[in-house]
Structures are given as C-alpha cells and as structure tokens.
Amino acid sequence: MTSPRRATAQAHPNIALIKYWGNRDDYWRLPANDSLSFNLAGLWTRTTVVFDPAAEADRLILHGQEVRGSALQRVQRVLDAVRARAGLAWRAQVTSENNFPMAAGIASSASAFAALAVAAAAAAGLALDEAGLSRLARLGSGSAARSVPGGYVVWRAGAHDADSFAYTFLPAAHWALADCIAVVSTQAKAVGSTHGHALAHTSPLQAARVADTPRRLALAQDALLRRDFEQLAWVVELDTHLMHAVMQTSQPPLLYWQAASLTVMHAVRAWRAQGRAVAYTLDAGPNVHVLCPEDEAQAVARDLAALPGVREVRIATVGGPARRLD
Ligand code: DP6
C-alpha cells in the first residue's frame, strides 16, 4: 500500500498597480493585457494538499467547511493539470485558510491558487520552476499567476499557455511601499471577477484601455525603478479608473464602488494635494487600497480609520514569493 503524499504552502495576495481585466481566452485565462502588482506581506493563504490513494473524490475544505460547486471545480482544474503532468490518478484533499476577509476586494483567489499550485506540485513530486508554477496558478485564477514570484511582479499576457506567466520585475527591498487597505465592506461581491472578465469586451472602452496598457505599464515600471511616487500615483489612479470605467460600462454594468469608497478616494486626493505621498487603487470590490511609503503607513492607516464608513484598515508591506512551509 502506497502512502498519501502531502505538502503545505503559503502565498500572499497581491495588489495590481496596472490591472488585469478581461481575457483573450477564458478557458486558459490568457489575459487581454499585461499587468503589474506587488505581493502583500502580512496577508496569506495557507494550503495543504494530500494526494491519497484511498480517497474516492477531490475535496476542498475552506476554513473548516467543505466547499463544493464552482470553487471545487476551479481547484480541480489545477489538480487535474498536476495529475496529468505527474502521471498520478489519486484524488486529493485540499485544506485552506486565509488570515483576511475573502471575496471583498482583497484578492483571496490570487493567494489561494498560488498556494494551491505550489502545494499540489510539491505533493505530486513535480519539480516545476517559478514560471511553471505561475502558469499552473493562472489556470485557477489569473491574478494568482502574480502571487507566485516575490516582490514587484509583471505578468506578460503572452499568447499561449506556455508564455503567459509572471516574474519578479524588482525585488521587494527595492522600494519599501505599503498598502493600507481601507475595508468598507466584508460582504461577498455580487459579481465575481471571473464573470466580470467575461463581460469586459461588452464595454466600448475595453479596446481603448487594452491598447493603452503598454504605455501605462512602461510609466509604472519607470516610476518604480526611479522610486518616483508622484508618477506612480498618477498612473496607478489612471489605471484603476480605466478598469472601473470598463466595469461600469459593461453590459450588464458593474458598479463596485460604495459611498464609503468614494469618501476614501476623495480624501486620498485631498491629502496628496497637501503634499502627502498617497495613492489609491480598487479591485473588483468596494475596499480601497491606499499606497504609501512604508514608514508613513501607520499615520495613513490612522487617518483612513477616522473616515466615515471605514470599518477597519489592514497594512501590508511588499511581500515575498509563494513557498512551501513543510
Ligand atoms: C480586478 O484574478 O480575480 O483584481 O482569473 O477570474 O480569478 P480570475 O480573476 P482575478 O481578477 C483580478 C482582477 C482585479 C485586477 C487585478 O488583480 O489585476
């Protein structure tokens, strides 16, 4: 009797400075455009994968609760890819937990599928390099491709499964930035990212957003390289507004902002006009990610927490790669 094979991995979510929105291929999760992010240290998903010769079906246990349906199917997409490569038929038990609220604009799917890819590959005895793990994570969630490498990360859209993966553009130590996440809601969003990506092409603005992405990516990379916060703030806010303009003009339209989101956005603009290094970005949810230099994060978080509608502020610094824990 062969014994079960097990591995545990941890990954951070990431915040995109240049956003991924819309796929050229939904099945392979090949994105419409390149994107850029940094990993969020302090927030994590930890996942254990056990391939078990005695198991009859794949099981997913999230925070102690068994989950079925589309979440399990997405996990199985990654498990199936690992099994095919490893020549393994065994079913798996996947146990996972996050230390932050799920489905509320903090991308839990990114850390979840990055941790799953690393744990599943290790449990199956597959020796994949970072690009291979990033491609594997991408099958579960696009942004998860960016949570595999550490630091400041670029995901080149590519044209095929083989060339669509993320890599470290600059190490975390290059620039000590922080993300102060102003949580205005912890409710699950009405329309998830996967459905939203599929609607992107229905907006007349998506083609213009995608066509302009190389320019914004170059400006953001240049701002990071030169540690130019003013330029970074400008391009990050432009990029988030372009993505939300696409969301808001899709058919059906997606309006992720809440009143409190706008309160935070206006406050950040006012603070920047007073000379403070702060900039905001929002994912597919109402929470506002406020970027600032790490040594100003405590003060920024305190001021954010005092705004009406802000329930909690989480501070994350620039994080490292997904990694095995055992
Ligand atoms: C708005 O990676 O969550 O956060 O591939 O369907 O899982 P799926 O989508 P997901 O999309 C992320 C969209 C975003 C922007 C970004 O992180 O680039």
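Let's start with Ser-35, which, setting aside neighbours within four places in sequence, is in contact with Ile-18, Lys-19, Tyr-20, Arg-146, Val-153, Val-154 and Trp-155. Keep in mind that this is a predicted model.

- Ser-35 sits in strand E5, which covers residues 35-41.
- With a relative accessibility of 0%, Ser-35 counts as buried, because the cut-off for buried is under 20%.
- Between Ser-35 and Leu-17 there are 7.6 Å in space, C-alpha to C-alpha, and the two are 18 residues apart in sequence.
- Thr-213 belongs to helix H5 (residues 206-225), and it is buried too, at a relative accessible area of 2%.
- Not counting residues up to four places away in sequence, Thr-213 touches Ile-18, Asn-33 and Asp-34.
- Ser-141 is in the loop between H3 and strand E10 (152-155), and it is buried, with a relative accessible area of 4%.
- Leaving out neighbours within four places in sequence, the contacts of Ser-141 are Arg-29, Arg-74, Ser-109, Ala-110 and Phe-113.

**How H1 packs on H2**

- Helix H1 (residues 70-86) and helix H2 (residues 108-123) have axes 10 Å apart, and they pack at an angle of about 30°.
- That angle makes H1 roughly parallel to H2, and H1 passes H2 in a right-handed crossing.
- On the H1 side the contact uses Arg-74, Val-75, Val-78, Leu-79 and Val-82, and these meet Ser-109, Phe-113, Leu-116, Ala-117, Ala-120 and Ala-121 in H2.
- Sorted by class, this H1 and H2 contact has 9 nonpolar, 1 polar and 1 charged residues.

**How H2 packs on H3**

- The axes of H2 and H3 cross at roughly 125° and come within 8 Å.
- H2 and H3 are therefore oblique to each other, and H2 passes H3 in a right-handed crossing.
- H2 brings Phe-113, Ala-114, Ala-117, Val-118 and Ala-121 to the contact, while H3 brings Leu-133, Leu-136, Ala-137 and Gly-140.
- By class, the contact of H2 with H3 comes to 8 nonpolar, 1 polar and no charged residues.

**H3 and what covers it**

- How many of the 11 residues of H3 are buried? The count is 8, so H3 is largely enclosed by the rest of the structure.
- The buried ones in H3 are Gly-132, Leu-133, Ser-134, Leu-136, Ala-137, Arg-138, Leu-139 and Gly-140.
- The cover over these buried residues of H3 includes strand E4 (30-31), H1, H2, E10 and strand E11 (166-170).

**The nonpolar cores**

- In soluble globular proteins, nonpolar side chains tend to be buried together.
- Here, the largest nonpolar core has 36 residues, and Val-49, Phe-51, Leu-79, Leu-116 and Leu-136 touch the most other members.
- Strand E1 (5-11), strand E6 (45-52), H1, strand E9 (91-98), H2 and helix H3 (130-140) each give two or more residues to this core.
- H2 supplies the largest share of this core, 10 residues.
- Leu-136 touches Val-78, Ala-81, Val-82, Ala-117, Ala-121 and Leu-128, not counting residues up to four places away in sequence.
- There is also a second, separate core of 30 residues, with Leu-36, Phe-100, Tyr-152 and Phe-229 among them.

**Loops and backbone details**

- Arg-29 isn't a glycine, yet it has a positive phi of about 50°.
- You'll find Arg-29 in the loop between strand E3 (23-25) and E4, where it counts as buried at 9% relative accessibility.
- His-63 isn't a glycine either, and its phi is positive at about 50°.
- His-63 lies in the loop between E7 and E8 and is partly exposed, with a relative accessible area of 40%.
- Gly-64 is in the loop between strand E7 (59-62) and strand E8 (65-67), and it counts as exposed at 66% relative accessibility.
- The C-alpha atoms of Gly-64 and Thr-95 are separated by 7.8 Å, with the two residues 31 apart along the chain.
- Gln-251 and Pro-252 are joined by a cis peptide bond, with omega about -5°, and Pro-252 lies in the loop between helix H6 (229-248) and helix H7 (259-273).

Conventions
Residues numbered from 1 in each chain as written. Predicted model: local features only at pLDDT ≥ 70, side-chain atom pairs only at ≥ 80, totals over all residues. Heavy atoms only, no water. Helix = DSSP H or I, 4+ residues; strand = E, 2+ residues; numbered from the N terminus. Buried < 20%, exposed > 50% of the residue type's maximum accessible area, 1.4 Å probe, protein only. Contact = heavy atoms within 4.5 Å. Axes fitted to C-alpha atoms, helices over the stretch in contact; angles between N-to-C directions. Parallel < 35°, antiparallel > 145°, perpendicular 65-115°, else oblique. Left-handed = near helix turned anticlockwise from the far one by under 90°. Nonpolar A, V, L, I, M, F, W, Y, C, P; charged D, E, K, R; others polar. Core = buried A, V, L, I, M, F, W, Y, C linked by side-chain atoms within 4.5 Å.
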